Amino acid sequence: MDESPSWFRKLLTWKDPTEEGQQIMQKGQCAEKEKSCYASINGGETAEASCVPCASTASRGSVTCPTCQGTGRIPREQEEQLVALIPYGDQRLKPRRTKLYVTITVAVCLLMTCLMMYFLFPRSIAVVPAGLNASAISFDNSSYAIILNMTNMLNVTNNNFYMVRVAELAIEVLHKALVIGKNTAMTHLDIPPLQGAQILYTVSSRILDNNTYNICTWSRIKVHNVLLHIQGTLTCSYLSHSEQLAFESYQYVDCRGNATLPGGFLRRS
């Protein structure tokens, strides 16, 4: 009676040798697959891995990645479709010296803006009549007229940090509120930054006044000066902008002969 149960147990625990060999072969194949998977993770030559780790190697506390199936590699055609996630506490997401960079950027922008405003802000262009340079007098006895050809000087100062071009100069000469001469000249003069230039202009005038004619031709009178009112407009251009500058002056001219009085003028603003 005691021997029968032991015999029965041996019969239940007996296994077919072929089945044991198959189990051993399966374990070996599983181990080879696991090695090949690790080899592909650590730098295999193929860009795509098809092996899947055996279910026996996965522990209960981990889950196989559904994208790469635990291989650590993805197919090359999915490179532009998948997005890598970075943990919130990663150091690469933490800003470093942000306030310093923002402060430096704002300071540089303000400095550049101030410099541009300082150098590009338009300043005044000074136009000052410099007086008579030369004059020529002649008389028309038939019409009691005085023919006056005079050359005057005009000083122009550029107070800007960029070049200014003087395009046109328009002049009018008046005697007793009557226009006796006009002239318009195209100068095309370039004045460098923070520098000045002198412009010479000539105006031909004709005075038709008997009293003035008598003063200029009467030898008993020692002073033969005629007061002329000169007014003009200077057209300047800079930075694609055109500007007209008006000026005027009162000037004495000796009408007895070809004489000049440099600087003998009264300027009114």
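This is a predicted model: local features need pLDDT of at least 70, side-chain atom pairs count only at pLDDT 80 or more; totals for chains, interfaces and linings use all residues.

User: What makes Cys 216 and Cys 255 a disulfide?

Analyst: The cut-off is sulfur atoms within 2.5 Å. The sulfur atoms of Cys 216 and Cys 255 are 1.8 Å apart. That meets the cut-off, so the pair is called a disulfide. A search of the whole structure finds one disulfide.

User: Why is the disulfide of Cys 216 and Cys 255 called left-handed?

Analyst: Look at the torsion about the S-S bond. For Cys 216 and Cys 255 that torsion is about -100°, so the disulfide is left-handed.

User: Which parts does the pair of Cys 216 and Cys 255 tie together?

Analyst: Cys 216 sits in helix H4, residues 210-217. Cys 255 sits in the loop between strand E7 (241-254) and strand E8 (265-267). The pair therefore ties together parts that are 39 residues apart in sequence. Both Cys 216 and Cys 255 are buried.

User: Why is Cys 236 called buried?

Analyst: Buried means under 20% relative accessible area. Cys 236 has 0%, so it counts as buried.

User: And why does Cys 114 count as partly exposed?

Analyst: Its relative accessibility is 48%. Buried needs under 20%, and exposed needs over 50%. Cys 114 falls in between, so it is partly exposed.

User: How do you know that strand E2 and E5 pair?

Analyst: Pairing takes at least two bridges. Strand E2 (residues 145-158) is joined to E5 by 13 bridges, so the two count as paired. They run antiparallel.

User: Which residues touch the most other members of the largest nonpolar core?

Analyst: That core has 33 residues. Those touching the most other members are Met 150, Leu 154, Leu 169, Ile 171, Val 173, Leu 228 and Leu 234. Several elements supply at least two residues each, including E1, E2, H4 and E7. E6 gives the largest share, six residues.

User: What is Leu 154 in contact with, leaving aside its neighbours within four places in sequence?

Analyst: Its contacts include Val 127, Leu 169, Ile 199, Tyr 201 and Phe 247.

Conventions
Residues are numbered from 1 along each chain as its sequence is written. Side-chain values use heavy atoms; hydrogens and water are left out. Helices (H or I, at least four residues) and strands (E, at least two) are DSSP runs, numbered from the N terminus. Buried means under 20% relative accessible area, exposed over 50%, partly exposed in between (1.4 Å probe, protein chains only). A nonpolar core is a set of buried Ala, Val, Leu, Ile, Met, Phe, Trp, Tyr and Cys residues joined through side-chain atoms within 4.5 Å. Contact means heavy atoms within 4.5 Å.
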